[in-house]
Structures are given as structure tokens and as C-alpha cells.
Amino acid sequence: MILESKAPKGDIQTAWDRHKFDVKMVNPANKRKYTVIVVGTGLAGASAAASLGELGYNVLNFAFQDSARRAHSIAAQGGINAAKNYQGDGDSIYRLFYDTVKGGDFRAREENVYRLAQVSVNIIDQAVAQGVPFAREYGGLLANRSFGGALVSRTFYAQGQTGQQLLIGAYQALMRQVNDGKVKLFTRTEMLDLVIQDGHARGIITRNLVSGKVERWVADAVVLATGGYSNVFFLSTNAMGCNVTSTWRAARRGALFANPCYTQIHPTCIPVSGGYQSKLTLMSESLRNDGRVWAPKNPADGWDSSKGKVGKDPRQIPEAERDYFLERRYPTFGNLVPRDVASRAAKKACDDGQGIAYEGRGVYLDFGDAIQRLGKDAVGERYGNLFEMYERITGDSPYETPMRIYPAPHYTMGGLWVDYNLQSNVPGLFVIGEANFSDHGANRLGASALMQGLSDGYFVLPYTIGHYLAQVGPRGKSTEWDSFKQVEGEVTERTDKLMSIKGKRSVDSFHRELGLLMWEHCGMARNAKGLSLLLQEIPRIRAEFWENVSVPGTPGELNQVLERAGRVADFLEFAEMMALDALEREESCGGHFREEHQSAEGEAERDDEKFQYVAAWEFKGVGVRPELHKEALDFRYVKPSKRSYK
Amino acid sequence: MNLTLHVWRQKGPNDPGRFETYPATGISEHMSFLEMLDTVNEKLEAEGKEPIVFEHDCREGICGCCGFMIDGKAHGGQHKTTVCQLHMRSFKDGDELTLEPWRAQAFPVIKDLMVDRSAFDRIIQSGGYVSVRSGSPQDANAILIGKEVADRAFDAAACIGCGACVASCPNAAAMLFTGAKITHLGVLPQGAPERFRRVQAMTTQMDMEGFGYCTNHGECSAYCPKGISLDVIARMNQDLLLAQVVTRDEVRREGGE
Ligand code: FES
């Protein structure tokens, strides 16, 4: 299979404008003849559904939560990047493009990234027009901050709730279309499979989560906006419901899954406190602007598992016995090194026995100096909300004692392969937001996830989907096609199978077992031995799952265990592809760190000669090795260089 | 620690429902309240029994999914805390707790502790937005908005739509929820053109959904996990009055009355 990016040739700066002119357009009077399915109501899904509705298409929009406003985009704290250069500090579209390509460790498609940087400015205009209450200066202008080590202040924010405010903006735009009858919204409805007719994506099968009813939906195109797969690790900062089901089901039907091993680990999350832990909570990266990261030099002062607490209260540890390991190893960037670097350094300290939280997995983030330098009030002004949140969860006040932090899975750069039009290799199947692989390469910069979700949904997909629809023209639609009957039959059969096992183990126990193994061997650092072990263990856990899982109740009613069982079953298949991708990519790049490929000082070593490509995997059957297809990456503008933060 | 839970179990909207008692044993003070329920559920599941249904997703206090009454208090009653952020260190060994769903005519029970809050979506749908199209609106800095106004809009926009306000109100009113959106959009210049139309449409929808009237108890704000202030209700009432004047003027201008 040849993977064609379909990115416009020639000058990158005019590429998107030329492309918009070149694509076919649907006659406005004909738009109502087309129906588009959008799965997901996060930033990408809600913005796409609303925009398509405004254009005149009939939209069917699905969410598994009780309301479109609950999607996990809501939890993003930090902000959204845009190349507005409102601060006059030398930002530009080109600089945002450059930073994103470099930050992604030269594993993203340049043309996509350039377009993202270009439309970033429209997003802010759009959001402000919708009434998104971004932070402002006293003079009434929008405020900005610098984020994640960027050299310019290009991040727009709404306190620590930027994701919430942007999502509510998109949700309101969506509800306006629902009111106008252009979008039909189905909440508490989960997509369980994709239907392909004559080689084109033409519909989905869903389960109504209240009644248990399995239903068929036909359309002219299907858009997946179903987010990432961080929950393959069981513990992550993702919401409990986040899952890989929609994208994995599409992969099983022929869509290629690209770069599944690219996962982002966020360095500053609240550490695990016990085996019952259900999820992890992120503390905004902005904390590293003033907090200093350290671990005790003396392991005896760290975690003592026999006592279940640390050897010494951090406040009693004198300066000389503290290891400020980020400042020590990276004198230039210090505590502000990028996420992947900070995360690995914390892991190393813990591997070396210096850890300070449950099972030795945690380091300190200390505001003592900042409080002395700026005063308690000034620190409270900046981080008060976050400190409160930390105290609510841990019972400790960061004003009094250092915070405890540890890295946690947070975002996945991998996803379904898409071309420049955001269309997968299956015609008519479009994938947007975190669910696709396209813009972040091997590592995503802070405050860029919101930007990509909204860029795809408001400004890219509405144009590119028209190109496809205009080409295929209005077609007949029927849920009575054999393809629908067959896929629905398979969905029902699988559900019946899950219900019939009546085993002894809970769904979560399998999810936890898989997650811990993935975290251990396919998390912050990976090596061939661990990954090979994973490839043996995953099929074993999967086999036991299908023999011994317990799903009480019936399928014809609200059944939360059945919902989770289906998702975990998909994670158990997907994880194998992810581990294989990690094993085959014998280099270290961005979030993918292979221990075999590091310098003497422990820094990541990329191998551009062998691995400057997108790895797109084709599903060949459960337990069967998927087939690898490569899209070569060409860097015409930003020449690959080594990332160094020394 | 060990606790005893009296939990409302209801199979569906037509089932009368009843309390059942479960022990929660070996609970750590570091657990969140929902993690405590997870352990109870895992035990039930492994025994092949149906676990207690409750709604949750982000478990960070931001998505607004979670929420039920603990001993008659929405989200357990801890100041500005959703139940997913409530931790077991607030309880002690031997405690007996009663868990019930939000009780309101407009929020029918779906199962156990889960209720149907789609009435909130329909209130937003009736007018809780600014009518702009995706495209290229003017530059974001073209309209200046003073920090005080922006902050006021933000404070109102912090609502997560969990429904605790309705559940806490003796009249099951949705004034805090609706007022929050009306304030958020109404104070901003972008929301001004539709300000009066919006307040009329949203309050009409609110009444149609079967929410009660406000009699100034203030419980809604007291139990709001985001601390939305009662001011938003005053603002809504004021806008509603103004809207009557304004629309009458408009009708007259167009030759009516
Ligand atoms: S689960 Fe999201 S607010 Fe509680």
C-alpha cells in the first residue's frame, strides 16, 4: 500500500490556501442531501459537528457521556497556543511551525504542522466571538503567558480551566445547531463498530447505554473524534471513560494505525497513593516556572516500604542533602526542560532509589525558595488554585511542605493514519483531534492539544470533507445493506460472548494488570527485552480475560461493567500493536525512549537514516502480526537537528 | 477504616427503589470517595452481583458527571468539592453514610445513583450561546474587554453543569445554573445583542422542564462545587425584567400593540 499524504507541493506558506481553492466544493443546495456521522463531542468533535451543521449538512453526533459538555477536552488546564504575536515578542506562524516540528522531534508531516500554526490565529478569534472568557489585561487586551519552555508568550488561557472554557464554547455552538435541527445529538450512545460498504465508510453500529439497544446508522461519511488511548496504561490523567474502541474498531476494519508507540508522559502529576488508585491527576506544567524539583541524595531519606512512609520529613532535609537533579543535569533549562526530559529524569532518580512517595515513585516539587523570594501572597496569586486542588487530594499544603509529583501518561500522539485532508486510508473515514496521528510527531508541546482539536474541527475538516463528498456525490443510504446486518451481528455476538463467560475476575483487575505491564515496559523508557516480554504477556492476559472475566447483569439494560469490558477487550488487542511498534522503532525520539539508544550522558538518540518515517500498521487478525506501511517524512524547511537542553 | 453504606438501589425509572446496606471495609484515608465505591463494586462484581451505578468520568472535579447526595448533602457537602474530589480522610472509622441520587422532578432517576440531566442541555439549547458561525470573525483584540468584566464572565462560566444546585434547592430550582450562563454571556459585548432574547428563551425552557421557583434559600450556591455566586440569579431576574420592557418597545416599533 502506498501512503499518499496528498499534501500540496511547493511553497508551504501558501499550501493551505492553494489547497482550499483546489478542493471540490459541494453545491450549497446539495449539502442537505448529505449526512455526516461525527463520533465524539470533545473539542474536535463538537467543533466539527457544529461547523458542518452550519454549512448545511445533516449531522448525527454521538457521545457516550450524558451530555456533550463532558468530553475529556474539558480537563485541559494550561492553555492554547496561537501565533498571534500580541506580545510583540517575535512570534510568528513560522516560529510556531518551527517549534512544533522540532518539539515533535522531526516525526511529523511539515505541511500539516504549518497549516496548524496558520489557523491557530483564527481559533482565538473564533473562541472570543463565542464568548470564551480568556484572561485579560486591565486595558482590555487578551493576556498571554509563556508555556512549556517556549521562548515567546503565545499561550492564551482562562485561569487553569482553558479546556473547560473552550469546550463549553464549542458545546454551545453545537447546541445551537441542535436547536436548529441541523445536528441530531445522541448522548449515552457508544460506537461499537464501523460499517464499510463498497470500500467506503458508510456507517456505524452503536449501543444505547441506557436501554442496551444496538442500532445502525448510515451516512455519507464518518468522522471519528474519539480522543487518545492513554488508558491503555490503566492509570493515566485521562477520564475514566476514555478508550480506544472507536479507533481500534476502525483499525480492525482496515484503517491504518500510525505510530501507536508515541505516548506523552506528563512530568507533574500527583503520585499514586495506593493499589486502589483509579486515575491520576495532573498538576499544571506552569508549576515548574517557580517550583524546584529535587529528591533526597540519601535513599534512606526517601520511601521506606516497610514503614509505608518517607525516611525523613522533606523539611528536615538540609540543602546539602538534596539533589536538584534537573538543575544539575540541565544547567541551561533547569526545571523547565521539556516534558519527556523532565519525566525521564524523575524516573531515573526513583530507579536510583531516591523516590519519595508510595513504592518509591515520586519526587519533590518545592516552592520554598519561591515563597521566600516572592512572598506567600505572590505565589498564591500564581498557583493558588492548583495548591488548593493538591491539598484537596493529598491533604498536604504546598505552602507548608514540598509537593510530591511523578510522571503519568497524559496524551497520545499516535492515532489513525490520515492524509492532509484528515481522511484515513479508508475513503469516507475522517479522523480528527487526538484520535489521529498527524501534527505532533513523537512529542506534543504544551498547550498544543486544544489548538489541534479546534483547528481540525472548525477550520480544516469542514473544507476537506466537502472535497470527498463532492467527488462521490449524493448516494443512496440504507441500514438494510448486508454490510450493516453483518457488522451488527458481529457486535451482538461479541457482547453475548462477554456476558456468557461468567468468570471470577473483575474487568478492572484485567485492565490494571495490562496497564501496569504496559507502564513498566512501554512507558517512560522501553527496551527490547521488556517489549518482547510484553508481546508474550498481552496474549496471555487476553486469553484469560476471554475465559475468566465477570460481567454481571444483562446486555439489554444500563450495564457499566459491560461498557468497560468492551473497552478493556479492545485495549487488550491494541496494546499488542503498540508494543510491537515500540519494539520495531529502534531509536529514541520524543516520547519514545529506547534505552538501547541513548548517549553516554543518557540523552535520547534519534536515527534519522533508518526511522524518519511514519509507521502505519495494518491489522491482520487478533494475535497475528500486523503489516507495516511506511510514509517517508521529508523536511524541506526545518532541518532535523538534535534536541539539546543542556 | 470500615464504614457502612446505605445506598439507594433502583433498577430503572419505573422501579420504586429501596435502600440496601453494604459494608465498605479496609478503606484508606487517601482514597477518593469514588475509589471507596470502586472497592465495594469490585467485590460485588467478583461475586457476580450488580455493582452500584453512579456517574463519573474525569474524577478531577471538572467534567460535572459525578454527583449524588451523601447524608442529604450534595457532593457530601465539603466546600467547593465535587464528590470525585472528596477524600476519605473527611470520614472516620465506623461512619454510616446514606447515598441517594439527586432528587428533582426534572432529573428522573435512570438507575441507582444516576439521573437524567438532559434538561440542562435543553436549557442551553434554547439560547445559551452566541450566534456566530465558524469562519473568520474579526480579530480577537478588536473589542476590548476590561479585566473586571472578563473576570465576572469567567466566574459565572466556571459552572460544570453537575446539578448540585438543583439537588440542594428545596424547590429543585435551576436558577443558579441558568443564571450562570445568562451572566457569563450577558456581561460580554459578544453576548450583548442576544441578551434579552436569550434570557426569555432560557427561562421559558427552564419552566417547561419542571424546575421549581427560587425562594432565596441560597442552598444552591452554598453547595455549588464551583462556588457560583447568587449574584447570577439577581442578574438573570434583572435581565428578565428589562427584557419585558425592551421587547415591548420592539413590538411597538414594528407597529404592534
Ligand atoms: S467525575 Fe468529573 S467532576 Fe466528578
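Chain B is divided into domain 1 (3-111) and domain 2 (119-253). The model is a predicted one. In chain B, 30 Å separate the C-alpha centres of domain 1 and domain 2. Domain 1 of chain B brings 18 residues to the contact, and domain 2 of chain B brings 19 residues. Between them, domain 1 and domain 2 of chain B bury about 1,400 Å². Carbon and sulfur atoms account for 65% of that area.

Which three residues supply more than any others of the area that domain 1 of chain B buries against domain 2 of chain B? They are B:K80, B:A106 and B:F107, with 33% of that area.

Chain A also has a domain division: domain 1 spans 268-409 and domain 2 spans 483-611. The centres of these two domains of chain A, taken over C-alpha atoms, are 30 Å apart. The contact in chain A involves 13 residues of domain 1 and eleven residues of domain 2. The buried area between domain 1 and domain 2 of chain A is about 820 Å², with 56% from carbon and sulfur atoms.

The domain pairs in table form:

Next, the helix pairs. Two packed helices are described by the angle between their axes and the distance between the axes.

In chain B, helix α2 (residues 118-125) packs with helix α6 (residues 195-208) at an angle of about 155 degrees. The axes of α2(B) and α6(B) are 8 Å apart. Angles over 145 degrees count as roughly antiparallel, so α2(B) and α6(B) are roughly antiparallel to each other. Their crossing is right-handed. From α2(B), B:R122, B:I123 and B:I124 meet B:M202, B:Q205 and B:M206 of α6(B). By class, this contact has four nonpolar, one polar and one charged residues.

In chain A, helix α12 (residues 482-501) and helix α14 (residues 528-548) pack at about 75 degrees, and their axes are 7 Å apart. The pair α12(A) and α14(A) is therefore roughly perpendicular. On α12(A), the contact uses A:R494, A:K497, A:L498 and A:I501. On α14(A), the contact uses A:F545, A:W546, A:E547 and A:N548. The contact of α12(A) with α14(A) has four nonpolar, one polar and three charged residues.

Conventions:
Residues numbered from 1 in each chain as written. Chains lettered and ligands numbered in written order. Predicted model: local features only at pLDDT ≥ 70, side-chain atom pairs only at ≥ 80, totals over all residues. Heavy atoms only, no water. Axes fitted to C-alpha atoms, helices over the stretch in contact; angles between N-to-C directions. Helix = DSSP H or I, 4+ residues; strand = E, 2+ residues; numbered from the N terminus. Parallel < 35°, antiparallel > 145°, perpendicular 65-115°, else oblique. Left-handed = near helix turned anticlockwise from the far one by under 90°. Contact = heavy atoms within 4.5 Å. Nonpolar A, V, L, I, M, F, W, Y, C, P; charged D, E, K, R; others polar. Domains from an automatic or database assignment. Buried area = accessible area lost by both parts, 1.4 Å probe.
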